[in-house]
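Subject: A structure for you to look at

Hello,

I am passing a structure on to you, and my notes follow below it. Please have it open as you read.

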2 protein chains.
Amino acid sequence: MAEPKPASDLTRRVLAGDRVALARAISLIENETPQAAEVEDVCFRKSGRALRLGITGPPGAGKSTLVMRIAQEYRRRGETVAIVAVDPTSPFTGGALLGDRVRMAELAGDDGVFIRSMATRGSMGGLAVHTAQACDVLDAAGFARVVVETVGVGQSELEVAQTADSTAVVLVPESGDGVQAMKAGLMEIGDLFVINKSDRDGADRAAFSIRSALELRAPGSAWSPPVLQTVATEGRGVAEVVEAFEEHLEHMRVHGGFERRRRRRFEQRLDDLLRAHLWQEFRAQVPAAEWAAALDRLESRRATPNGTAAVLIERFGANRPGAARSSG
Amino acid sequence: MAEPKPASDLTRRVLAGDRVALARAISLIENETPQAAEVEDVCFRKSGRALRLGITGPPGAGKSTLVMRIAQEYRRRGETVAIVAVDPTSPFTGGALLGDRVRMAELAGDDGVFIRSMATRGSMGGLAVHTAQACDVLDAAGFARVVVETVGVGQSELEVAQTADSTAVVLVPESGDGVQAMKAGLMEIGDLFVINKSDRDGADRAAFSIRSALELRAPGSAWSPPVLQTVATEGRGVAEVVEAFEEHLEHMRVHGGFERRRRRRFEQRLDDLLRAHLWQEFRAQVPAAEWAAALDRLESRRATPNGTAAVLIERFGANRPGAARSSG
């Protein structure tokens, strides 16, 4: 493995917490430009101190407002915070209403806060890889907490949430009906649950439904996820959410879940990167005409997807028992 | 490419529409057992007649009830229907309330209807591949319509929805608030939009929000997605949803979008299969000890994810310019 090279100017500025450099570095990551690798690698080596918090939940649950309030609460506690919004429905990613923009502007005027949205598409292992890389950058830049906001329910969004050290699932009172059924997805990934917009009817019932659903989770874990109620627009209950995050992180530190979770995260990340590289290398070997011909055969049902995949791998993949290796 | 082999007994029974055989075949697909390939291949070659409908939307939108009602409406029209539920929050996948079970039992007693849930995990290219394979089986078995229910918002769920010829996005009146922001995701994939639970307040406003958001979609498509209102529990508006699906399918037949969409679907499917095969072959080459050592180096920050991926591909992948091929 190569020794780390001396850092570029951009990377040095990133490590110094320069905001323009941070924004630029994350754009490089997002666009998968060749220069991204250096900043990724240097930041990865310098990472590991920040605690990463995930905020996920269905659209309309008020996640972005809650994230802003959580950031404010951490600032009150004297901690620096970076926010990464990978939620296509998040105001941070463009759809902000006026009130949100005002609150975002308040946060953005504070040097201890950095806000960044991430695009939801990408070829290099996709969103989860980019998110992890952006978190490394913000971690290496010295932010004490990195909050990742994703829209939950979907598989890849759950994967993004799983890049966090601690994850809050945010719901609304009306989610109560669906909670029992929803346990298959969100119930499994929440370290804490937040019923936001709890000034609406049904908040207590929703909290009860979630607690009931949580009792069905596999026992064995010493951590019992709290179910909290907030009205994020007014800041109500937000301090308790921050407290619950910190308690969960402390609990994992004491009980050892921390390292296990981070190792699983590294494994997922390596897996994602390898899949993407293997695919890119393979796809570059297949001439456009061959690819089009393969699709023609599928359309006419002269060939099957399984058969076509096997033939293409036989011809253009060399990763088989009989193939020579380019190096040992 | 090999000629199709004579079909096994299972495959023959699948093609004859035998329900036990259908259930068994889909289980083979789900479990990625070696016998699955034969039934997949034969059914793929016999597929192409069924029209595939996607139903997606957030949890709690009442998608499953709507799907049941749509199935009943098709039965009234004399068409056979198969339902594939890949939504972890769907009653079909286990979380059914009593009323749902009663309605499902009604449907299940009808030979012209087949209902099947699919698990949400899988290594072979994941859910989208399995769903497409299951649809082939149901298509080859002679069902006129195959309805795939997924929970929308997430990336992989959107991919599943995109395996359909026509997709309905199902929302509730309360979704109105989030619709403008949500356009980044669901707005792009809907061929029709359904506000279910339209007896609740805000249905008209939600429909208006969706229509406004739809006006921002890229022009050029001759199809303008209708926004319909339903109360699926009472069957209200369901005939109109079926009519809208049929109109959209007819529109694509006339304007040629049909073949373009199916080709894109084949391409995505081949892509998914190839990625999965490449990864499996590669992963099988990496000894467990090497893999663990790589994770150790990441944990201690002695190596970076990019560097580790490059080293592993160099050592265990042979798909590089200098490598010999196992066959021409």
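At what angle do α6(A) and α11(A) pack, and how far apart are their axes? The angle is about 125°, and the axes are 10 Å apart. (Axes are lines fitted to C-alpha atoms, for helices over the stretch in contact, and angles run from 0 to 180 degrees between N-to-C directions.) I will come back to this pair after some background.

This is a predicted model, in which local features need pLDDT of at least 70 and side-chain atom pairs count only at pLDDT 80 or more, while totals for chains, interfaces and linings use all residues. Residues are numbered from 1 along each chain as its sequence is written, and chains are lettered from A and ligands numbered from 1 in the order in which they are written.

**Chain A in outline**

Chain A contains 13 helices and 7 strands. (Helices, H or I with at least four residues, and strands, E with at least two, are DSSP runs numbered from the N terminus.) Of its 328 residues, 51% count as buried. (Buried means that 20 or more other C-beta atoms lie within 10 Å of a residue's own, exposed that 12 or fewer do, and partly exposed is in between; C-beta atoms are placed from the backbone.) Among contacts in chain A between residues at least 6 apart in sequence, 75% join residues at least 24 apart. (Two residues are in contact if their C-beta atoms, placed from the backbone, lie within 7 Å.)

**The sheet**

The 7 strands of an open sheet in chain A follow the order β3-β2-β4-β1-β5-β6-β7, with parallel pairing. (Two strands pair if DSSP finds at least two bridges between them.) At the edges are β3 (113-117) and β7 (227-229) of chain A, each pairing on one side only. On average, neighbouring strands of this sheet are turned by 20° against each other, direction ignored.

Two helices of chain A pack on the sheet. Helix α9 (residues 203-215) of chain A touches β5, β6 (192-195) and β7 of chain A, and its direction makes about 165° with that of β7(A). Helix α10 (residues 238-255) of chain A touches β1, β5, β6 and β7 of chain A, with its direction at about 145° to that of β5(A).

Strands β1 (residues 51-56) and β5 (residues 166-171) of chain A pair in the parallel sense over 4 bridges. A:Thr56 has A:Val169 in β5(A) as its bridge partner.

**Strand β5 in chain B**

Is β5(B) buried or exposed? In strand β5 (residues 166-171) of chain B, 6 of the 6 residues are buried, so the strand is largely enclosed by the rest of the structure. In a regular strand the side chains alternate between the two faces of the sheet. Here both faces are covered: B:Ser166, B:Ala168 and B:Val170 are buried on one side, and B:Thr167, B:Val169 and B:Leu171 on the other.

β5(B) runs parallel to strand β1 (residues 51-56) of chain B, joined by 4 bridges, and B:Leu53 has B:Ser166 as its bridge partner. Another 4 bridges join β5(B) to strand β6 (residues 192-195) of chain B, also parallel, where B:Ala168 stands opposite B:Leu192.

Helix α11 (residues 257-285) of chain A has 29 residues and reaches 43 Å from its first C-alpha to its last, close to the expected 42 Å. (The expected span is 1.5 Å times one less than the number of residues.) Its buried residues include A:Leu270, A:Leu274 and A:Phe282. What covers the buried residues of α11(A) includes α6 (126-140) and α13 (305-316) of chain A, together with α11 (257-285), α12 (288-299) and α13 (305-316) of chain B.

Back to the opening pair: α6(A) and α11(A) are therefore oblique to each other. (Angles under 35 degrees count as roughly parallel, over 145 as roughly antiparallel, 65 to 115 as roughly perpendicular and the rest as oblique.) A:Ala128, A:Val129 and A:Ala132 of α6(A) make the contact with A:Arg269, A:Asp272 and A:Leu273 of α11(A).

In chain B, the axes of helix α10 (residues 238-255) and α11(B) come within 5 Å and cross at roughly 95°, so α10(B) and α11(B) are roughly perpendicular to each other. B:Met252, B:Arg253 and B:His255 in α10(B) meet B:Gly257, B:Phe258 and B:Arg261 in α11(B).

Happy exploring!
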